[in-house]
Amino acid sequence: MVSSPEPPAARLPATAWAVLGILSFGAELTGYEVRKWVGHILRFFYWSPAMSQIYTELKRLETLRYAASRTVTAEDGRSRRLYRITEEGREALGGWAAGAPVEPPVLKHGPMLRVWLGHLATAGRLRHIVTEHRDAAQRLAAEAESSRETAAGDPAWAYPELVARWATRYHGMERDLAEQMLADLDALAASGRTAGPGPR
C-alpha cells in the first residue's frame, strides 16, 4: 500500500509557524515590522532571525496560501509590501499550535561549553566568561520585563504578556545560575582540583 504524501504544512519549520503567528495578531505587517515583533518578545524565548530568513518564511507561507501580500505606495513614493494571515493560514496555525508534539527545548549553552573545557583556560578567563554571561542574562531579564509591561497594556496581548513574564523569570534564573557557577569556580580553585586531564 502506497502511503499518501505528507502535506506541505507538516514539513514547515517552527520558524515559519512563528512568523505566521506574528501575523495572526491581525495587523498587516511589512517584513521589517515582523522583525520588530520578534525583537519585542519572541527573541526572549525562541529565536532572533536575520531579515533574509524572515522574508524566506514569508514567501514560503505565501506559496502555501497561509499568508497573502499586497503592495502599497507610501506618501514618500516608496512601495511597501504588506503581509497578512489568510483564513487557511489561521486554521493551519491553530491546528499546529494545538496538535504539534511537545518537544524538549534544545539547549546549546556556549558559556557552559567553555567551562566544560576549563582545563584549557586560566581561572581568571573562566570567571570573565561566566561574569559576561551573568551580566547578559541580567540585561535580558530587564528587557523581557520591559516587554512584559508593554504587552500588559494591550488586552490582545494577554498570552504574549504571560510568555514575557516567563522570559523575565527564565533569564533571571540564568543570571542566578551564573552567580552559582562563579561560586563553584572559586570553590574548585580553592580545592586544588584544577589540573587538566592527563594522557591515558
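**View 1. The largest pocket holds about 1,800 Å³ of space.** A pocket is an open set of points on a 1 Å grid over the protein atoms alone, where a 1.4 Å probe fits, with protein on both sides within 12 Å along at least five of seven lines. Grid points are joined across faces, edges and corners, and the volume is the space filled by probe spheres set on them. This is a predicted model, in which local features need pLDDT of at least 70, side-chain atom pairs count only at pLDDT 80 or more, and totals for chains, interfaces and linings use all residues. Residues are numbered from 1 along each chain as its sequence is written, and side-chain values use heavy atoms, with hydrogens and water left out.

**View 2. The lining of the largest pocket has 48 residues.** Lining residues have an atom within 4 Å of a point. A14, L42, F45, Y46 and W47 lie nearest the pocket centre. Helices are DSSP runs of H or I, at least four residues long, numbered from the N terminus. The most comes from α7, with seven residues. By type, the lining has 37 nonpolar, seven polar and four charged residues. Ala, Val, Leu, Ile, Met, Phe, Trp, Tyr, Cys and Pro count as nonpolar, Asp, Glu, Lys and Arg as charged, and the others, Gly among them, as polar.

**View 3. The largest pocket lies between two domains.** Domain 1 (14-93) and domain 2 (110-191) both supply lining residues, so the pocket sits between them. The domain bounds come from an automatic or database assignment.

**View 4. α6 and α7 cross at roughly 165 degrees.** Their axes come within 8 Å. Axes are lines fitted to C-alpha atoms, for helices over the stretch in contact, and angles run from 0 to 180 degrees between N-to-C directions. The two helices are therefore roughly antiparallel, a term for angles over 145 degrees. Their crossing is left-handed: the near helix is turned anticlockwise from the far one by less than a right angle. Residues of the contact of α6 with α7 divide into 15 nonpolar, seven polar and 10 charged.

**View 5. α1 and α4 cross at roughly 125 degrees.** The axes come within 10 Å. α1 passes α4 in a left-handed crossing.

Methods
Parallel < 35°, antiparallel > 145°, perpendicular 65-115°, else oblique.
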